[in-house]
Amino acid sequence: MVTATPAESTGTEADDGGGILGQLQYWLAVVFIIGWTGVVCGGLGVQFITWDYPCPLCMIQRYFMFLAAIGGVYIVRKGMTGSIAPRDYAVGWGLAIVGCFGGGFAAWRQTMLHILPGDPGYGGAVLGLHLYVWALILFVAAITTIGVVLVFSYPTAHTKIPDTPHHLIGKLAIGFCALIIVVNLVAVFFLEGFHWVLPDDPACYRLLHDLGILDGGCVLPKDH
């Protein structure tokens with residue numbers, strides 16, 4: 001007869017198996033949520049303050065940033081149940097990798113569209129680089145970070161996550177992400193208005209144009 005070991009029979013003795021490294025991985029997930037949401041906030045700030053309207057590729061990059069953040073949300077939510085299993089890290093970081101890869105491709109595509117000498121690029125520059133170039137750098141750096149973290153995901157899993165301050169900060173990070181997702185959706189609605197397609201080079205908030213609040217300044221696609 002096979003007798004279960006104490007850890008197998010209760011499932012609690014392994015909760016502290018990850019130790020400090022396990023908690024650090026939890027905090028990295030929190031950083032992913034706040035970091036990527038903060039990057040989107042930066043884009044929204046440029047949009048609202050400098051009237052630099054995002055193009056479709058810009059919006060696609062934002063969506064993938066949110067997907068990367070949601071990967072962190074999955075891990076943090078699992079941590080709030082008391083313990084994070086290896087498969088939880090696999091799912092969470094897997095979502096983040098998909099988000100970073102998709103966003104990185106969109107950022108690379110936009111960079112290539114403006115790679116020729118003399119091309120001024122799309123939108124303004126921050127510290128000498130356009131936002132989509134910064135996005136490409138961040139996506140590549142994030143994928144590299146996740147790759148390193150996944151090497152240690154199994155030995156650092158089964159970590160018991162304390163209630164405070166871990167859960168409180170995790171909830172605030174998730175709430176922050178949810179709020180900015182809503183803000184971005186509203187911004188997209190104002191940009192597209194009652195149309196299916198966002199122009200390649202938006203010139204205004206088309207919803208205001210459609211409602212007659214603002215006239216002129218909008219260049220609509222030919223099929224509209």
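Which element gives the most to the lining of the largest pocket?

1. Basis. This is a predicted model, in which local features need pLDDT of at least 70 and side-chain atom pairs count only at pLDDT 80 or more, while totals for chains, interfaces and linings use all residues. Residues are numbered from 1 along each chain as its sequence is written, and side-chain values use heavy atoms, with hydrogens and water left out.

2. Largest pocket. The largest pocket holds about 380 Å³ of space (a pocket being an open set of points on a 1 Å grid over the protein atoms alone, where a 1.4 Å probe fits, with protein on both sides within 12 Å along at least five of seven lines; the volume is the space filled by probe spheres set on the points, which are joined across faces, edges and corners). It is lined by 23 residues, the closest to its centre being Val-39, Gly-43, Met-65, Leu-131 and Tyr-132 (lining residues have an atom within 4 Å of a point).

3. Contributing elements. Two or more lining residues come from each of α2 (19-49), α3 (56-79) and α5 (131-151); helices are DSSP runs of H or I with at least four residues, numbered from the N terminus. The answer to the opening question is α2, with 7 residues.

4. Aromatic pair of α2 and α4. Phe-32 and Trp-93 are edge-to-face, at 5.2 Å centre to centre and 75° between the planes (ring centres within 6.5 Å, with the six-membered ring used for Trp; planes over 60 degrees apart are edge-to-face, under 30 stacked, the rest tilted). Phe-32 lies in α2 and Trp-93 in α4 (residues 86-113), so the pair ties together parts 61 residues apart in sequence.
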